[in-house]
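Hi,

Here is the structure I promised to pass on.

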Amino acid sequence: MADLRSYQEHEPIIGERVYLDPSAVIVGNVSLGDDSSVWPMVAARGDVNSISIGKRTNIQDGTVLHVTRKSPSNPDGHPLIIGDDVTVGHHCMLHGCQLGNRILVGMSAVIMDDVIVEDDVIIGAGSLVPPGKRLESGYLYVGSPVEKKRKLNKGESAFLSQSAQNYVDLKDDYLLQVSPVS
C-alpha cells in the first residue's frame, strides 16, 4: 500500500477500486475518486490546501501534486482540482490549478497556480502553463510558455476518454496481479 499520511486533522480519502503504488506518498487533505490510479514515485501533498482527484483519473510516475496556502491576499489559496477521465503523464508538476474532465497532460508538463484547464484539452509534453492562464476546451496547447496550437480532431478527442480507460484497465490488472516480492 502507498504511504498514506495524515496531516493535522486531515487524512487521505480513497475511493473504491483505486490503485496506489507502494512508492507513492499521499499526505493530508487529498481525495481520490473511484477507479483512479496513482503510479510509482508520485507525491501528492495536501497539507496547506486540498487536492481532489476525480474518477478514472491516472497520475503517472514521478508526478508532483501540490497546492497554494490560504493567505490574507488570497483567502482561498489555490487547491488542486483534477476532474474525471484525466491522464497526467510521467514527471509532471501540477500546482494549485484546476483541470476539468477528459484532459491529457503530456510528460514533464508544468501547470502552475490559478490555471483553469477546461474539459477536452491536450497539453503537450514539456509545456509550461504559467499562473492565471485559462485553456479553452477542445484545443491542443504546446510550448513554454504554452500557446493554443489548434483545435483537436475527432480522433484526439476520442483518445482522451480512451486513454483514461486504458489506465482503468491497467490498474485493474495491477490490483489483481501485483504483489510485493520478498
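Asp-85 counts as buried, at 13% relative accessibility (buried means under 20% relative accessible area, exposed over 50% and partly exposed in between, with a 1.4 Å probe and protein chains only). You'll find Asp-85 in the loop between β9 and β10; strands (E, at least two residues) and helices (H or I, at least four) are DSSP runs, numbered from the N terminus. Leaving aside neighbours within four places in sequence, Asp-85 is in contact with Lys-55, Arg-56, Thr-57, Arg-102, Ile-103, Leu-160 and Ala-164, where contact means heavy atoms within 4.5 Å. Its C-alpha atom and that of Gly-15, 70 residues apart along the chain, are separated by 15 Å.

A word on what you're looking at: this is a predicted model, so local features need pLDDT of at least 70 and side-chain atom pairs count only at pLDDT 80 or more, while totals for chains, interfaces and linings use all residues. Residues are numbered from 1 along each chain as its sequence is written, and side-chain values use heavy atoms, with hydrogens and water left out.

Now the overall picture. The chain has 1 helix and 20 strands. Its radius of gyration is 16 Å, which agrees with the value near 16 Å for a compact globule of 182 residues (taken over C-alpha atoms; the globule rule is 2.2 Å times the number of residues to the power 0.38). Along the principal axes, the C-alpha atoms fill a box of roughly 50 × 45 × 25 Å. Of the 182 residues, 44% are buried. Among contacts with a separation of 6 or more, 23% are between residues 24 or more positions apart.

What holds the middle of my notes is the nonpolar core (a set of buried Ala, Val, Leu, Ile, Met, Phe, Trp, Tyr and Cys residues joined through side-chain atoms within 4.5 Å). The largest one has 36 residues, and those with the most contacts inside it are Leu-65, Leu-94, Leu-99, Val-105, Ile-111 and Ile-123. Strands that each supply at least two residues of this core include β4 (25-32), β6 (43-53) and β19 (139-143). Apart from it lies another core, of 5 residues, with Leu-104, Ile-122, Leu-152 and Leu-160 among them.

Leu-65 touches, among others, Ala-43, Ile-51, Leu-80 and Leu-94, not counting residues up to four places away in sequence. Arg-45 is also on the list for Leu-65. That arginine lies in strand β6 and is partly exposed, with a relative accessible area of 42%.

Most residues other than glycine have a negative phi, and most peptide bonds are trans. Which residues go against that here?

- Asp-35 has a positive phi of about 65 degrees although it is not a glycine; this residue is in the loop between β4 and β5 (37-38) and is buried, at 15% relative accessible area.
- His-91 has a positive phi too, near 60 degrees; His-91 sits in the loop between β10 (87-88) and β11 (93-95) and counts as exposed at 54% relative accessibility.
- Ser-144 and Pro-145 are joined by a cis peptide bond, with omega about 5 degrees; Pro-145 is in the loop between β19 and β20 (146-151).

Cheers
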